[in-house]
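I opened this model to look up a few things. My notes follow in the order I took them.

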Amino acid sequence: MHKSDIKAIVLVFILLIPLSNVYGDQSFKVLYESQNLNDFKLVAECNPGGGTDCECYDTGEYVSMESKETYAVITSNPEKRHTWVNAIGGITINENFPDGEPVRLGIYKYSGRIRLPEIPDPYSETMPNNAHMGMYFWDGRNELIDINKVSLEAVMLWDLNPWTADMGKFKVYTDPVNLVDTGISVAPDTEWHTYEIVVDFNKREYISVTIDDETKDLSGLRVAHLYRPYWGENVGVVITAESLAAWPFHTCDFSLTWSTHYSDAKLSVLEE
C-alpha cells in the first residue's frame, strides 16, 4: 500500500470521529466543576421574553435553589404565585482562570447532567415550559473583542411543555436571536441525562452539542448575540442551569411551578 493511500485512509478515519472525541477531555483544562452546584448564584428572570405583565421581583419568593448532597434542585415559582419567572442558577469565571491565567477567547465546553423530578402533566400546577443550559462569554470593556456590551450566548433548551408539539426537542439559540432544532429529541422521563455544549468563542460559533451519546455537529452556526448594557466592565465566562415553569397566559391566570435537577456541572477550555 502506498503512503498516499495510508494518508487518505487516516484522513477519512479522522473525519469520521465524533466531534466530542476530537475535542476530548485530554485536551481540555477544567476551570470549574461541582456535583451539587452549591456555589452557583441564583437570580430570577422575571417575565421572560415579555410574555406577561404579572408582578415579579428578583427575590427568593419567586425562585429557589437547593443543593442536595449530589445534585441541585432549581425551581421556578416555588410559592405558586400568579407570575412567570425563569430560575437561573449560574457561576462566573471572572477575569482569571483558577491557575491565574487571564480569561481568554477560545474553545469552551460545558457539560453536566439533568433530570426531571416527574413526567410533565398537562393538567397539573406542576408543569414545565423548558430547561436551559447556557454558556456565555462577556467582555464588558472591549479588551479581547470589540463587542460593545454584547454577550455571546451559547444556550441549549430542552422543550418540556406537554402542550407543545415540540416537547422533548433540544434546540439552541442563534444569531440573529432564534431557536434552531438540533435534531436531538428525548421524551421526558425521570432518568438522568448528560449534556455537553462545545463552542468556539473566537469564531462566535457552536461546534457541537451532545445529549447522552448523541452528538450533533453545529459547526458554522452562530451563537446568540444579546445587548446587555447593564452588565459590568469585567471579562468572564459564565455557565447557567435554568428552570422555567409553563406559561400562565398574559394575565397569569394560573399559578404554575416547576423544578429541574442538575448535577456534575463542568466548564473547560481547550488548552493552547
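I began with the lining of the largest pocket: S5 gives the largest share, six residues. A pocket here is an open set of points on a 1 Å grid over the protein atoms alone, where a 1.4 Å probe fits, with protein on both sides within 12 Å along at least five of seven lines; lining residues have an atom within 4 Å of a point. Strands are DSSP runs (E, at least two residues), numbered from the N terminus. I noted that this is a predicted model: local features need pLDDT of at least 70, side-chain atom pairs count only at pLDDT 80 or more, and totals for chains, interfaces and linings use all residues. Residues are numbered from 1 along each chain as its sequence is written, and side-chain values use heavy atoms, with hydrogens and water left out.

I looked up the rest of the lining. It has 35 residues; Glu45, Ile88, Tyr136, Arg228 and Glu242 lie nearest the centre of the largest pocket. The elements that give two or more residues are S2, S5 (85-94), S7, S8 (150-159), S14 (224-227) and S15. By class I found 18 nonpolar, twelve polar and five charged residues. Here Ala, Val, Leu, Ile, Met, Phe, Trp, Tyr, Cys and Pro count as nonpolar, Asp, Glu, Lys and Arg as charged, and the others, Gly among them, as polar. The space in this pocket is about 910 Å³, taken as what probe spheres set on the points fill, with points joined across faces, edges and corners.

Next I searched the whole structure for disulfides (cysteine sulfur atoms within 2.5 Å). There are two. One joins Cys46 to Cys56, S to S 2.1 Å. Its torsion about the S-S bond is -65 degrees, and the link is left-handed. Cys46 lies in strand S2 (41-46) and Cys56 in the loop between S2 and S3 (63-67), so the pair ties together parts that are ten residues apart in sequence.

I checked burial too: buried means under 20% relative accessible area, exposed over 50%, partly exposed in between (1.4 Å probe, protein chains only). Cys46 is partly exposed at 26%. Cys56 is buried at 13%.

The other disulfide joins Cys54 to Cys252, S to S 2.0 Å. Its torsion is about 115 degrees, so this link is right-handed. Cys54 sits in the loop between S2 and S3, and Cys252 in the loop between S15 (235-245) and S16 (258-270), 198 residues apart. Both Cys54 and Cys252 are buried. In sequence order, the bonded cysteines pair 1-3, 2-4.

Then I turned to the rings. Rings of Phe, Tyr and Trp (its six-membered ring) pair if their centres lie within 6.5 Å; planes under 30 degrees apart are stacked, over 60 edge-to-face, the rest tilted. I found twelve aromatic pairs. Phe137 and Phe201 have centres 5.6 Å apart and planes at 40 degrees, so they are tilted. Both are buried. With Tyr108 they form one aromatic cluster.

Last, I looked for charges over rings (NZ of Lys or CZ of Arg within 6 Å of the ring centre and within 35 degrees of the ring normal). The charged end of Arg113 sits over Trp192, 4.4 Å from the ring centre. That of Arg81 sits over Tyr62, at 5.2 Å. Tyr62 is in the loop between S2 and S3 and is buried, at 3%.

Notes: Helices (H or I, at least four residues) and strands (E, at least two) are DSSP runs, numbered from the N terminus.
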